Amino acid sequence: MSQTRREFLRTTATATALATVGGAIALSPRDARSAEPVDGPRSPAARKKNVLLLVFDDMRPALGCYGHPLVKSPNIDRLAKTGMVFERTYCQQAVCAPSRASMLTGRRPDTTKIYDLETHIRTTMPDVVTLQQHFRNSGYFTEGIGKVNHPRLEDAPSYSVPHRNAEGGNWVTPENLKLQKEGGKVAGDTYDSEPSGPRTMRAKAFESADLPDDAFIDGKMTQMAIESLGRVAPRATAASASERQPFFLSLGFRKPHLPFSAPSKYWALYDRATIPLPYRKTPTNVPDVALVNWLELRTFSGIPDVGPCSDDMTRELIHAYYACMSFVDTQVGRILAELDRLDLRKDTIIVLWSDHGVKLGEHGMWSKHTNFEEDTHVPLIIADPDYAAGSRTRALAESVDLYPTLAELCGLPPVEGLEGTSLVPLMVDPTQRWKSAAFSQYPRPGNIMGYSMRTDRYRYNEWVDRATREVKARELYDMTNDPECRVNLAPNDDQAALIAQLHGQLTAGWQAARP
Ligand SMILES: [Ca+2]
């Protein structure tokens, strides 16, 4: 089927090109590109492809191209139409630093040994070759801007030039800056932990300000990336092969992470009254170890210390999150426009990825730090000019797959020790038989690790004592018949055979789940 579709694309592109040859309408770069073959790697003599990696913080796949009914994301949707949407991609641990370390090294948390927000990859894996480092070693110019690794955990060997951040913090209004100062925290901190210490008053969890995009840190970082593209473009497009150098630019946004701060114009895109409230009860029969007290949100001013958020507060927070989604979507649009202006799109792979998702009130909780679907499910879009545009797949994918995928797409040599699977075959045939499961994990105090597995139909979790290997608690959710995870089926006697099967599959792990 995909072959037929590619043939169709090629035929229509050629027809379009012929129809406009004698007319006054100039071919856009995209039209010209579409007239070229779109079914796989280019010849070794052709230009090396550039990579633009767009990393988002706490972005769940609440996007138009993922079928979200309310979120306005026209620019990301446009990007999706030029590439492939991986509808079911899962991160390996639903919190910033471990997820990023896993994706950027191509290893899972039990290999990286990074489960917290403090440990640098060079502490646990001094000689690991990161994704960007592999490209750098292969002749690429690599640059990192913004939150790619977790803040203060940036990795110098990954980049050709020192990593850079834009100046600025989490808030822009005098009111919030004053509140934050009184709270005694340093502006610019990301608060990305599940803190266990005493509650610290901070500024508000959201902010609307009638200011331009570049008054906010993600606007500034977008501008930095645009300027960087201008600097690398001449080398990337040099006519002489000896002068030509492809680039790998990593750009890490701070939103839609808390606090949900965005220019007022993005808030104005939504009518709060129309935002539906999620199902907010904890699952029936859920073990306590699966839950969190969402202290990350509670530490903000105006959020209750205990108990649930009110309906109004829930809607206000979701509204704020949507505003941040549209804000960063516009930043993506600015970057796409610059790539077009520089005529780089035909040679540049664009990847959109988030470190993990978040709960927005689901299960009576907020933020991440759990193994629930909302936390582990991430957006992943890969737009490669050599592969069919506008494709989608329901195949199970994992963040750890990104490293081998990008290496293969750019014709780089294989790397030892990667624990993901290249997604390139899916970009040729999106419906083929693929991974039988995706794996995530989350630690809990007392040397407990929650191992989580998403199959086509089920989410199955085991909370394991890491010293004794004893399974302390289990969860089983039927994602087909109970997509909101209202009931944990694990304690039900009639599920014993299924649990035995899923236990075997989880124990066999990612190696056995490969296609
Ligand atoms: Ca994050």
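Trainee: What share of the residues is buried?

Mentor: Buried residues make up 58% of the 515 residues. Buried means under 20% relative accessible area, exposed over 50%, partly exposed in between (1.4 Å probe, protein chains only). This is a predicted model: local features need pLDDT of at least 70, side-chain atom pairs count only at pLDDT 80 or more, and totals for chains, interfaces and linings use all residues. Residues are numbered from 1 along each chain as its sequence is written, and side-chain values use heavy atoms, with hydrogens and water left out.

Trainee: How many helices and strands are there?

Mentor: The protein has 16 helices and 16 strands. Helices (H or I, at least four residues) and strands (E, at least two) are DSSP runs, numbered from the N terminus.

Trainee: Which atoms coordinate the calcium ion?

Mentor: Asp-57 (OD), Asp-58 (OD), Cys-96 (SG), Asp-355 (OD), Asp-355 (OD) and His-356 (NE2), at 2.2 to 3.0 Å. Donors are N, O and S atoms within 2.8 Å of the metal (3.2 Å for Na, K and Ca); water is not among the atoms, so the site may look incomplete.

Trainee: Why is the arrangement around the calcium ion called irregular?

Mentor: The 6 donor atoms subtend angles of 47 to 161°. Six count as octahedral if opposite donors are over 155 degrees apart and all others between 65 and 115.

Trainee: How are the donor residues spaced in sequence?

Mentor: As D-D-x37-C-x258-D-H. Asp-58 lies in the loop between strand S1 (50–56) and helix H3 (74–81), and Cys-96 in helix H4 (residues 96–105), 38 residues apart. Asp-58 and Cys-96 are buried.

Trainee: What makes H9 roughly parallel to H12?

Mentor: The axes of H9 (residues 217–236) and H12 (residues 311–341) come within 10 Å and cross at roughly 10°. Axes are lines fitted to C-alpha atoms, for helices over the stretch in contact, with angles from 0 to 180 degrees between N-to-C directions. Under 35 degrees counts as roughly parallel, over 145 as roughly antiparallel, 65 to 115 as roughly perpendicular, the rest as oblique. So H9 is roughly parallel to H12.

Trainee: Which residues of H3 meet H12?

Mentor: Pro-74, Asn-75, Ile-76, Arg-78 and Leu-79. Contact means heavy atoms within 4.5 Å.

Conventions. Four donors count as tetrahedral if all angles lie between 85 and 135 degrees; four count as square planar and six as octahedral if opposite donors are over 155 degrees apart and all others between 65 and 115; anything else is irregular.
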